[in-house]
Amino acid sequence: MPEPLLSVRDLKVRFSTDDGVVKAVDGLSFDLPRGRTLGIVGESGSGKSVSSLAILGLHGPEHSEVSGEILFEGENLVGARENTLRKLRGKRISMIFQDPLTSLSPYYTIGEQIAETYRKHTGANRKQAKRRAVEMLAKVGIPRPERRVDDYPHQFSGGMRQRAMIAIALCCDPDLLIADEPTTALDVTVQAQILDLLRELRSEFDTGIILITHDMGVVAQMADEVLVMYAGRCVERGTVREVLKTPQHPYSWGLLSSIPHLTGDVDVPLVPVRGTPPSLIDLPPGCPFQPRCDFSARVPGDRCTTERPSLLPETGHASACHLSTSDKTLIFTDEIRPAAGLTGRP
Amino acid sequence: MLAFLVRRLLGAAVILLIISAVTFLLFFAVPGNEVAALSCGKSCTPPVVAEIRADLGLDHPVWQQYLTYLGGIFAGRAIGDNACHAPCLGYSFVNKQPVWDTVVGRLPVTVSLAIGATVLFLVFGVGLGMLAALRKGKLADKVSMVFALLGGSMQIYVLAPFFLYIFVYSSDLLPRPTYVSFFDSPVDWVKGLLLPWVCLAIIFIALYARLTRSSMVDVLNEDYIRTVRAKGLTTSQVYVKHAFRGAMSPVVTILGLDIASLFAGAIITEQSFGLVGVGQLAVNSVLASDLPMMMGVVLLAATAVVIANIVVDVVYAAIDPRIKVA
């Protein structure tokens, strides 16, 4: 079995603040094989963006502490020299961000921004870089690329700006693309176009993608594997089929149940996950989801409040919950699925 | 851009017109400014006063006086027996010379003072600010800001004698501050003005250092800086190519206004160092109630500020492509 493209082991990211140490990521582990797409889902504050910034080493060392292992093609990026990381950024590992308007420099044209990355990593001259910029703009579906290459970001629409960001990210043919909520700032029709674009580019460039989102629909369309994050930890991991069709963690049940239905009675109230995410400074000793969980009573004793559940089993469809596997399957089939109106065979 | 410039220049003309009208009214039409009496000074007798009144047209209605004054600026006019060539800002009550000639004669000193001080405070002020921003929270940052605070708390009339004592009178390191034309001897030009430049610059450095620092810190928190880092650029490329450009907008605004006020005359500096510039002219003309001279200096200052504003707007548009100069 070939080595995975990216292998994260027990990643921890801590920020020191005036109020205490924030454990933004508290032991995250996953593998990403070449050419596959991993969706990371979670609420705001679950640690999804923080972990992706940690992969590229973009956290300023003054306030943050990153520990664990991030193996990219066998090389550990945690604690790597800045020089090493810089050679990877934009070239082997690229990142696109949520808001393309504020994420692009307003002072340089789109063409200049693409060319800048290209020239940095390939040493090409201006003409070659500009040609590459036009080529990339055409690939991401921007009409009249030879004209638009000299436009500034504020002259582009939201969807086109995001396409331009993708062009910048892919211009050096990276092996891994980290997309941090790439469609959140866009409206739904544009969102669909961007996802289509990512799918096309994925097959053309054979890029591995980490897709961070809070939108289950995006995960369903794009991802091969899914990681559900909560309070800085992974609470469920599996293929997209496994996690979306037969979820095994109360948090995942809550996420799926809260999705509004297209059919049925409009007056049925939405079912959110009750409660609020925990403080990342004072995490409880047991399961971090326990205060919001409706099923902790079904676990014998007080394991849920005293013992932190591990992500089990080691491979395959795993969840971090003290409920037994049979309990999880039963609860989902008998209680969650009918109530949430989730149809279709598992 | 051309349309913008034309519009702004027209606007500037209107503003200057208004300023000249207001100033004119303040000086010549406010009762208590017995113009004629002021003009003739000590040798005042009724016939002399009457003659002055006729020369200056003080018996005419105010609006007519103003129009004559304006006309004089564009086409020159006759005041009494003397021809006052354009632009005619009147004759000084004190030295009986055309105001324009006197002011223009003092300009090189003030302009030299302004240029030198500006170069110094820009280089060191912005430099210090950048250093503080890049080493935010560390010793270099704190030390820079303390220096800046000290500098900003200084007063020129305190620094000037102090510097003069150390560098000129007790040590001969520098000559007494004096103006030597750049075209006569660049070296002496620098030596003669170095002390006033440094004194003036110290005060401004404080402002520019703090401004640059906070502006840089703001820009460094922007999303696009994170994107630029994620593209693999080196730290200096991030700072110089991207962060600096964004941080300069506020600095440019303040710079425009500061240069304008420096061109209008660094009054206290000139007095403290005995430099014969427009600032000193302003002070003396106020003390002597030399109305035409005061008006001339005010108009000069207003023009400097108006033009500086236009230049700042143009530079803005050059820095930030989002700003349409339409």
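Begin by selecting A:Asp173, which is partly exposed and has 13 other C-beta atoms within 10 Å (buried means 20 or more other C-beta atoms within 10 Å of the residue's own, exposed means 12 or fewer, and partly exposed lies in between, with C-beta atoms placed from the backbone). The model is predicted, so that local features need pLDDT of at least 70 and side-chain atom pairs count only at pLDDT 80 or more, while totals for chains, interfaces and linings use all residues. Residues are numbered from 1 along each chain as its sequence is written, and chains are lettered from A and ligands numbered from 1 in the order in which they are written.

A:Asp173 is not a glycine, yet its phi is positive, at about 60 degrees, and it sits in the loop between α7 and β7 of chain A (helices, H or I of at least four residues, and strands, E of at least two, are DSSP runs numbered from the N terminus).

Next, select α7, residues 158-170 of chain A, which lies across β6 and β7 (176-180) and runs at about 170 degrees to β6(A); axes here are lines fitted to C-alpha atoms, for helices over the stretch in contact, and angles run from 0 to 180 degrees between N-to-C directions. Contact between two residues means that their C-beta atoms, placed from the backbone, lie within 7 Å.

From there, display the open sheet of chain A, in which seven strands follow the order β6-β7-β8-β3-β9-β10-β11 with mixed pairing (two strands pair if DSSP finds at least two bridges between them). β6 (93-96) and β11 (318-319) of chain A stand at the edges with a single partner strand each, so one side of each has no neighbour in the sheet. Within the sheet, β3 (37-41) and β8 (208-213) of chain A run parallel and are joined by five bridges, and A:Gly39 can be found opposite A:Leu211 in β8(A).

Finally, bring chain B into view, with its 13 helices and two strands. Its contact with chain A takes 18 residues from chain B and 23 residues from chain A. On the chain B side, α9 (223-230) and α10 (235-263) each supply at least two residues, and the largest share, seven residues, comes from α9(B).
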